[in-house]
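Me: I am new to this structure. Please take one chain and walk me through it closely.

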Amino acid sequence: MSTFRALLKTALRQQLQYRSAMLVGILTQLVFAFIYIMVYMAYYTYSPGAAQGMTLSQAVSYTWINQACLRMMSLSGLVEIQEMMRDGRIAFELARPADLHGMWLSRALAVRLAPFALHAPLTIAIGLLMPGEMRLSFALEVLPAGLLSLGMATLLSAAVTVLMTASCFWTIDSNGINRLLPMVAKVCSGNLLPLAFYPAGVRAVLRALPFAAIADAPMRILVGACTAREAAATLAMQGVWLAALLALGRVVTGCGVRRCMVQGG
Amino acid sequence: MSVYFKLSLAYLRGQMQHLGSFAMSVTRNLISSVGDALRLVLLGVSFGAMGRWTGAQIAVLYGIITISFAVASALGAGLFSFSGVIRRGDFDRVLLRPCGTLTQVLGAKFDLTRFGRLTTGVVGLAWGIARLDTPFGAAQAAMTALCVFSGVLLFLGILMIQGGACFWTIEGMEAFNAITYGGVAMASYPLEVYKGWLRDLFLYVIPLGCLNYLPCAVLFGKTLPYPLFTAYLAPVAGGAYLALGLLVWRAGVRRYRSAGA
């Protein structure tokens with residue numbers, strides 16, 4: 001726990017170093033939120049009832065939450081660790097007096113939480129203050145479930161980050177996984193577009209995958225685009241994926257360390 | 001001009017030395033652009049037409065703006081990463097050479113990998129034109145080509161402003177992404193979709209609407225809430241922005257103080 005606290009503090013401080021970049025990042029997310037929301041508003045006006053399972057207000061709220069959490073919900077490996085694997089500094093990482101998988105998980109969690117903690121409040125506040133149809137509204141009756149789901153999504157995102165990092169024990173080169181997986185995830189998770197707008201068959205498949213558990217699941221519950229029963233099923237699905245990916249991460253990291261060869265001198 | 005071609009050719013030859021890496025960069029650019037296109041397609045499939053704009057007509061809007069941006073960002077790739085040149089003090093060397101600064105900065109990086117985006121743009125435009133229910137002959141094709149050409153000029157102008165701004169500050173340059181990438185995302189739909197202030201911003205301040213929305217509305221026989229002549233303003237908008245870009249760039253170069261040794 002103290003490891004995690006130290007890593008989180010470092011990650012937060014790192015984020016705060018680049019304040020102008022952070023503000024610009026928030027601004028860009030706001031611009032895109034406005035564009036998407038207005039496009040959805042036009043589509044809902046002209047073809048009401050075309051999207052099943054999501055009202056305009058829910059789609060708008062989904063977009064606000066998505067833009068606020070984008071940095072937390074998008075995937076990437078731990079670049080600094082991957083570089084260590086390439087140039088041999090990984091030896092230091094292995095020598096640290098902490099459980100490797102636990103440490104990487106803490107690191108991943110810190111890297112995901114720091115930008116979220118700094119970006120989300122402002123975007124959410126602006127969303128809540130918007131007038132009329134563009135306002136962000138949470139489904140208050142299932143808010144606890146939504147927040148629990150968001151927490152699990154964060155852990156899932158960290159678990160996948162660890163897996164992506166550990167894959168470099170085998171590939172050494174991190175380019176492939178760091179570039180390809182985030183794009184697949186973007187399309188499959190709901191980050192590109194609410195999964196409610198996908199054709200029904202595709203949507204059913206995507207909702208069962210871990211990508212959706214990272215983004216679509218919490219957002220759908222938070223905006224109230226599902227029944228209480230569906231919310232419970234979604235939480236259970238997230239739990240199963242979380243347990244599976246954490247266990248897999250543990251095994252993969254263990255195997256990786258055993259076959260790891262330190263490069264360089 | 002000949003210096004520009006020589007520099008670009010040298011850069012291209014360099015890129016082609018690593019064919020595998022080049023192919024991967026093109027693919028990555030293509031995939032990220034396919035993602036944007038997928039958003040349009042999925043929304044079109046779910047919702048059908050957007051009021052008086054059919055899916056095919058929206059595809060034409062998307063095609064024009066996407067092709068313009070793809071070509072401009074390939075030509076102006078050196079301007080995207082210009083803040084690095086300033087930070088490292090590399091611009092000193094550019095000034096020393098007996099040749100225009102813009103020629104060197106643009107020529108230093110003719111980035112063909114950005115043509116991944118061109119592919120989705122061309123596919124979108126072709127698909128849209130093939131499915132139009134209004135006649136599309138030589139005159140319409142010429143008008144579309146003119147719009148794309150003007151679009152390249154306009155985006156090049158924006159990139160020059162982005163590059164030129166680096167002479168004042170190299171912080172927060174990502175803000176321009178909201179204009180370029182955000183503008184492309186936005187102008188992929190008819191501008192009448194957006195609320196007043198956002199629409200006015202992209203009609204009067206950054207006139208992306210002159211490139212596709214206004215001319216296409218006339219091409220597709222729709223009534224416009226604006227005077228008819230506005231449909232033919234694309235070259236004016238493109239030229240004006242290019243001129244503005246050049247002015248900002250010149251002013252910036254004059255202001256340059258070296259940061260390096």
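In what order do the elements of chain B run from the N terminus on?

Reply: The order is α-α-α-α-α-α-α-α-α-α-α-α-α, read from the N terminus of chain B. That comes to 13 helices and zero strands. Here helices (H or I, at least four residues) and strands (E, at least two) are DSSP runs, numbered from the N terminus. Chain B has a radius of gyration of 19 Å, close to the 18 Å that the globule rule gives for 261 residues, so it is as compact as a globular protein of that length. The radius is taken over C-alpha atoms, and the rule is 2.2 Å times the number of residues to the power 0.38.

A word on the source. This is a predicted model, in which local features need pLDDT of at least 70 and side-chain atom pairs count only at pLDDT 80 or more, while totals for chains, interfaces and linings use all residues. Residues are numbered from 1 along each chain as its sequence is written, and chains are lettered from A and ligands numbered from 1 in the order in which they are written.

The model scores ipTM 0.87 and pTM 0.89. Chain B averages a pLDDT (the predictor's confidence in each residue, from 0 to 100) of 87. In this chain, 99% of the residues score at least 70. Helix α1 (residues 2-17) of chain B has the lowest mean among its elements, 80. Helix α3 (residues 55-75) of chain B has the highest, 94.

Look at α3(B) next. This helix has 21 residues and reaches 30 Å from its first C-alpha to its last. That is close to the expected 30 Å, which is 1.5 Å times one less than the number of residues. Of its 21 residues, 18 are buried. Buried means that 20 or more other C-beta atoms lie within 10 Å of the residue's own; exposed means 12 or fewer, partly exposed in between, with C-beta atoms placed from the backbone. Across chain B, 42% of the 261 residues count as buried.

Now the partner. The contact takes 28 residues from chain B and 27 residues from chain A. In chain B, α2 (19-47) and α10 (175-187) each supply at least two residues of the side that touches chain A. The largest share, 11 residues, comes from α2(B). By class, that side has 15 nonpolar, eight polar and five charged residues. Nonpolar covers Ala, Val, Leu, Ile, Met, Phe, Trp, Tyr, Cys and Pro; charged covers Asp, Glu, Lys and Arg; the others, Gly among them, are polar. Two residues are in contact if their C-beta atoms, placed from the backbone, lie within 7 Å.
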